[in-house]
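Please open the structure in your viewer and keep the selection tool at hand. The stops below say what to select and what is there.

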Amino acid sequence: GYAYDSYISADDFSKLSNFQKDKILFKYFVTDEKEIWAGLDQFKLSDTTNTFTFDEYGKMVADLKKDTLKFEFNSQNIIEGNITVSRKKLLFFSIPFDRGWSAVVDGKRSDIHLVDYGLMGLLLEPGEHKVRLEFSPPYVKEGAMASLGGIAVYLVLIFVLRKRKGIAIPSQPDKGH
């Protein structure tokens, strides 16, 4: 993950040419949420020139590399790392946004934001941060509870039927004729 300090609204982004969109994504993240980004820089029309030099590209990449997440642990379901940001920024992950992801920043739950039309971001205040992302497939606990409930009902029915006299419980057919 790397950090952005500037954003562009989805409406403004949609008005740009494909070339401008490619360039803008080096400096801005795209969002529909405007009210929560106070403290971050907003889109400037002057950043949409029709030229793009190797020097500009190098500077934009270098700026993104300044504040990146340093991984401490990474698995299929857990990502942990540290990052230091000099000002309020969005820590961007090129991971698809899914409600199964949860985030903890400095030991406190943190909201994951939908950015760039389907990816994830965490809003960070200035300073050093320990970040943990964890994925738990939705409804796994509910599915397990429903399965256990079904098994419990099945076992109770078997027990009740065996206790009652006169009700035959199906058994395995005799294989020896």
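This is a predicted model: local features need pLDDT of at least 70, side-chain atom pairs count only at pLDDT 80 or more; totals for chains, interfaces and linings use all residues.

**Stop 1**

Select aspartate 41 and arginine 87. Their side chains form a salt bridge, with the closest N and O atoms 3.2 Å apart. Where does each partner sit in the chain? Aspartate 41 belongs to strand β4 (residues 41–42), while arginine 87 is in the loop between β6 (78–85) and β7 (89–96). The two are 46 residues apart, so the pair links distant parts of the chain.

Colour both by accessibility. Aspartate 41 counts as partly exposed because its relative accessibility is 28%. Arginine 87 is partly exposed as well, with a relative accessible area of 26%. A search of the whole structure finds ten salt bridges.

**Stop 2: along helix α3**

Select residues 54–66, which make up helix α3. Show the side chains of lysine 59 and aspartate 63. These two form a salt bridge in which the closest N and O atoms are 2.9 Å apart. They lie four residues apart in the helix, about one turn.

**Stop 3: the largest pocket**

The pocket holds about 420 Å³ of space.

Which element gives the largest share of the lining? Helix α3 does, with six residues. Strand β1 (2–4) and α3 each supply at least two residues of this lining. By type, the lining residues are twelve charged, five nonpolar and four polar.

**Stop 4: the second largest pocket**

Select Arg99 and Gly100, then Ser136, Pro137, Pro138, Tyr139, Val140, Lys141 and Glu142. Together they line the second largest pocket, which has about 160 Å³ of space. Four of these lining residues are nonpolar, two polar and three charged.

**Stop 5: the five-stranded sheet**

Switch to a cartoon view and find the open sheet of five strands. Its order is β5-β6-β12-β8-β9, with antiparallel pairing. The edge strands, β5 (70–74) and β9 (108–110), each pair on one side only. From one strand to the next, the twist averages 25°. Strands of a sheet pair through backbone hydrogen bonds, either parallel or antiparallel.

To look at one pairing in detail, select residues 101–105 and 127–135. These are strands β8 and β12, which run antiparallel and are joined by five bridges. Which residue in β12 is the bridge partner of alanine 103? The partner is leucine 133.

Conventions: Residues are numbered from 1 along each chain as its sequence is written. Side-chain values use heavy atoms; hydrogens and water are left out. A salt bridge is a side-chain nitrogen of Lys or Arg within 4 Å of a carboxyl oxygen of Asp or Glu. Buried means under 20% relative accessible area, exposed over 50%, partly exposed in between (1.4 Å probe, protein chains only). On a 1 Å grid over the protein atoms alone, a cavity is a set of points where a 1.4 Å probe fits but cannot get out, and a pocket is an open set with protein on both sides within 12 Å along at least five of seven lines; lining residues have an atom within 4 Å of a point. Grid points are joined across faces, edges and corners, and a volume is the space filled by probe spheres set on the points. Ala, Val, Leu, Ile, Met, Phe, Trp, Tyr, Cys and Pro count as nonpolar, Asp, Glu, Lys and Arg as charged, and the others, Gly among them, as polar. Two strands pair if DSSP finds at least two bridges between them. Axes are lines fitted to C-alpha atoms, for helices over the stretch in contact, and angles run from 0 to 180 degrees between N-to-C directions.
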